Structures are given as structure tokens and as C-alpha cells.
Amino acid sequence: MNILMLSKRGDGLGIANRMAIEGNNVSMYVQKEGFDSAGDGLISMVSSWRPLLKDINLLICDSNGFGNYESVFKEFNIPTIGCSFIGDILNEDPAKVRDLCTKADINYPRTISVDEPSDGTAIITEWPPSGVVVRSKSEDGSSETLICGSKEILFWALSKYSPKDTVIIQEAVEGVEVSVECWFNGVSWLSPCLLCFDEYDITDDGSKLKTGTAIVKRRHPPKLFKDTLEKLTVFFSKIN
């Protein structure tokens, strides 16, 4: 089978190598300069993926960011995994995720979008006891998360960004951060799902630094899945 994997930084290299070992003809395109030679000697690394579309049998995106090409892959009638235009929008805009979760009756921290980063401090009228989280997305696609325990720190954080950056301010949530992850095949959720427990430390400059992750695989959906992802089934099933 001819398989093409699209990646930002080569995160899926291990999977690509495994598929090659199993006898598939695997090519990998890595978008970020400096990571584009990560698979040299393991699999075929390509500098352009477009010429390969007419010959591949399966396309895999190991990260978000390729959703704009979803319609192109459909035109070529290529079975595709991990590529979604809507998924990319949700991944890049926490405010839209908030709106979707609200409509689906899923609890979500208070979130606001900031058109001008310098206006961020004026938007918050009631300061949350737990502080706020500033999430940003720059033009180059890089992202950053900062924890602000006071308006003074928030003012400093917002001064770091340019008007072209996308900035989201979200009420901080205390306690252990737990995420639930599951694949959706266009009709239903696949088993198993993963529960990820992330541990963070706050650096001196207010940055949120991940220091460890514990992952639990569940064959049967836990309550957290039923309270979150399961409520989005109707939405995702109607996307395509």
C-alpha cells in the first residue's frame, strides 16, 4: 500500500516507520524547517506532497494544520485519517470550542477572545480568584500558554503579543488537568479512549510548563467521556 503521512514536526515518525516495516511504501512530508530530515534513513522523506496524491492509497495527518486541504484529498478520493477543516478551526480557536461546548451542555471555563491584546485587561470586569490563562497563536503557527495570577501579570503577558496574534483569555481552573481523547470515524467513537492526566509547573515568568503525563487506556467509555465527547457525536457526525 502506498501511504503518505503529513506532519508538522515529525511526531508520527514512529507510526510511519512501523507501517514501512510491515511492508508498505511510506512517504512522509514534514512541514517545519529543521524537522524535515527527521526520518532520513528510516523512510522516504519528501519535500512536496502534492505530486504523490495520484498514486497513494491512504493519507494520514499526524497533527492539526492540514485541514485546509481536506477538500483536495476528497477530490482525489483518498481515504484520509486525521485531517479535518472543522477540527483545525476548533483546535485553533478556544472561543469556538467554548460556544460548541455551551450548546452541547458541556462545562467549559469562561473564555473571551481579544481583538487587540492591549485591550485584554479592560475586558475582565471581575477577576477570577484562580487567575486567568492566556493562550496565544502567532502568525507562524506557534502557540503559548501563560498563567496570570494578577492583573499586573496579565498586562505584562498581553504586552508580549502583536495585534496580528490570536489571543484568548480563559478563567484558570484549579486542580489536576485531565483530558479525554478518542478517535471519531465520521459515524461513531472508536474504542479504546484515553484519559490523560497532565502535571504542570509554573515558571518564574508565569509560563505553564508540562512536567509529566500519565495516560490510562479505557476499553469501556468512562463517565468523563459521556459528559464530554459523547455529547458532541451529533455535531461531528454532521460535518461531512
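Here are legends for a set of close-up views of this predicted model.

**View 1. An open, parallel sheet of five strands.**
Reading across the sheet, the strand order is S3-S2-S1-S4-S5, and the pairing is parallel. Strands S3 (44-45) and S5 (80-81) sit at the edges with a single partner strand each, so one side of each has no neighbour in the sheet. As a reminder, strands of a sheet pair through backbone hydrogen bonds, either parallel or antiparallel.

**View 2. Strand S1 next to strand S4, with helix H1 packed on the sheet.**
S1 (residues 2-7) and S4 (residues 58-61) run in the parallel sense and share four bridges.

**View 3. Phe184 and Phe236, a tilted ring pair.**
Searching the whole structure turns up eight aromatic pairs. In the pair shown here, the ring centres of Phe184 and Phe236 are 5.9 Å apart and the planes meet at 45°, so this one goes down as tilted. Phe184 belongs to the loop between strand S10 (177-181) and strand S11 (193-202), while Phe236 belongs to helix H8 (residues 233-239), so the contact ties together parts that are 52 residues apart in sequence. Phe236 has 21% relative accessibility, so it counts as partly exposed. Zoom out a bit and you get one aromatic cluster made up of Phe184, Trp189, Phe225, Phe235 and Phe236.

**View 4. Two salt bridges, Glu22 with Arg18 and Asp55 with Lys54.**
Glu22 and Arg18 meet through their side chains at 2.9 Å, N to O, and both residues are exposed. For Asp55 and Lys54 the N to O distance is 3.0 Å. Asp55 is partly exposed at 45% relative accessibility, whereas Lys54, at 63%, is exposed.

**View 5. The salt bridge between Lys231 and Asp105.**
Here the closest N and O atoms are 4.0 Å apart. Lys231 lies in the loop between helix H7 (223-227) and H8, and Asp105 in the loop between helix H4 (94-103) and strand S6 (111-114), so this pair ties together parts that are 126 residues apart in sequence. Lys231 is partly exposed, with a relative accessible area of 35%, and Asp105 is exposed, with 57%.

Notes. Residues are numbered from 1 along each chain as its sequence is written. This is a predicted model: local features need pLDDT of at least 70, side-chain atom pairs count only at pLDDT 80 or more; totals for chains, interfaces and linings use all residues. Side-chain values use heavy atoms; hydrogens and water are left out. Two strands pair if DSSP finds at least two bridges between them. Helices (H or I, at least four residues) and strands (E, at least two) are DSSP runs, numbered from the N terminus. Contact means heavy atoms within 4.5 Å. Axes are lines fitted to C-alpha atoms, for helices over the stretch in contact, and angles run from 0 to 180 degrees between N-to-C directions. Rings of Phe, Tyr and Trp (its six-membered ring) pair if their centres lie within 6.5 Å; planes under 30 degrees apart count as stacked, over 60 as edge-to-face and the rest as tilted. Buried means under 20% relative accessible area, exposed over 50%, partly exposed in between (1.4 Å probe, protein chains only).
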